[in-house]
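Hi,

Here is the model I said I would pass on.

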Amino acid sequence: MEMIIVIVLIGILSTIGVVGFRKTVVQARQKEARSMLRLIQHAEEVRRLEMGTYLACADTVTCNAELHLDLPAGGEWTYSVTVDGTAANFCAAAVSANFDTFHINNGAADPTANGC
């Protein structure tokens, strides 16, 4: 009888631990996406100062090449940037199949899940 109680308690504690670990992993991956979006935002601002306009890029590989970044390609997140018709404003996005999508634009202080 005591053995069954011990096994049930271990099962309950394991479940709690797995849930807590999953939450920590989600938070870490979302922080990664937000950090990369801030990096894109800064790179776009540097490019605007040098060239006068923002740059659109359709995927992570193109953003890395055009903005001289080293964003993780082929990982959890796909990064892209869209610009308006005059290339005077941009919206960068971090998209994941498993997590929220985050956006940041020129002038925004922090990435949000609400879009640009």
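Before the notes, one term: a polar contact here is a pair of N or O atoms within 3.5 Å; within protein, one must be able to donate a hydrogen and the other to accept it, and residues adjacent in sequence count only if both atoms are side-chain atoms. This is a predicted model, where local features need pLDDT of at least 70 and side-chain atom pairs count only at pLDDT 80 or more, while totals for chains, interfaces and linings use all residues. Residues are numbered from 1 along each chain as its sequence is written, and side-chain values use heavy atoms, with hydrogens and water left out.

Let me start with H103, where that definition comes in. The backbone nitrogen of G115 sits 3.4 Å from a polar atom of the H103 side chain. H103 belongs to strand β3 (helices, H or I of at least four residues, and strands, E of at least two, are DSSP runs numbered from the N terminus). With a relative accessible area of 18%, H103 is buried (buried means under 20% relative accessible area, exposed over 50%, partly exposed in between, using a 1.4 Å probe and protein chains only). Leaving aside residues up to four places away in sequence, H103 touches L37, C91, A92, A93, D110, P111, T112, G115 and C116; contact means heavy atoms within 4.5 Å.

Now the strands, which pair if DSSP finds at least two bridges between them. β1 (residues 78-83) and β2 run antiparallel and are joined by six bridges, and V83 has F90 as its bridge partner in β2. β2 and β3 form a hairpin with six residues between them. Since five of the six residues of β2 (residues 90-95) are buried, that strand is largely enclosed by the rest of the structure.

The helix α1 has 50 residues and runs 73 Å from its first C-alpha to its last, close to the 74 Å expected at 1.5 Å a residue (the expected span is 1.5 Å times one less than the number of residues). Its buried residues include V26, A33, L37, I40 and R47, and what covers the buried residues of α1 includes α2, β1, β2 and β3. After α1 comes G52, with a positive phi near 90 degrees.

Which residues touch the most other members of the largest nonpolar core? They are L37, I40 and Y79, in a core of 22 residues. At least two residues each come from α1 (2-51), α2 (60-67), β1, β2 and β3, and α1 gives the largest share, six residues. A nonpolar core here is a set of buried Ala, Val, Leu, Ile, Met, Phe, Trp, Tyr and Cys residues joined through side-chain atoms within 4.5 Å.

Most residues other than glycine have a negative phi. H68 is not a glycine, yet has a positive phi of about 60 degrees; H68 lies in the loop between α2 and β1 and is exposed, at 72% relative accessible area. A87 also has a positive phi of about 60 degrees without being a glycine. A87 is in the loop between β1 and β2, where the two strands form a hairpin with six residues between them, and at 15% relative accessibility A87 counts as buried.

Cheers
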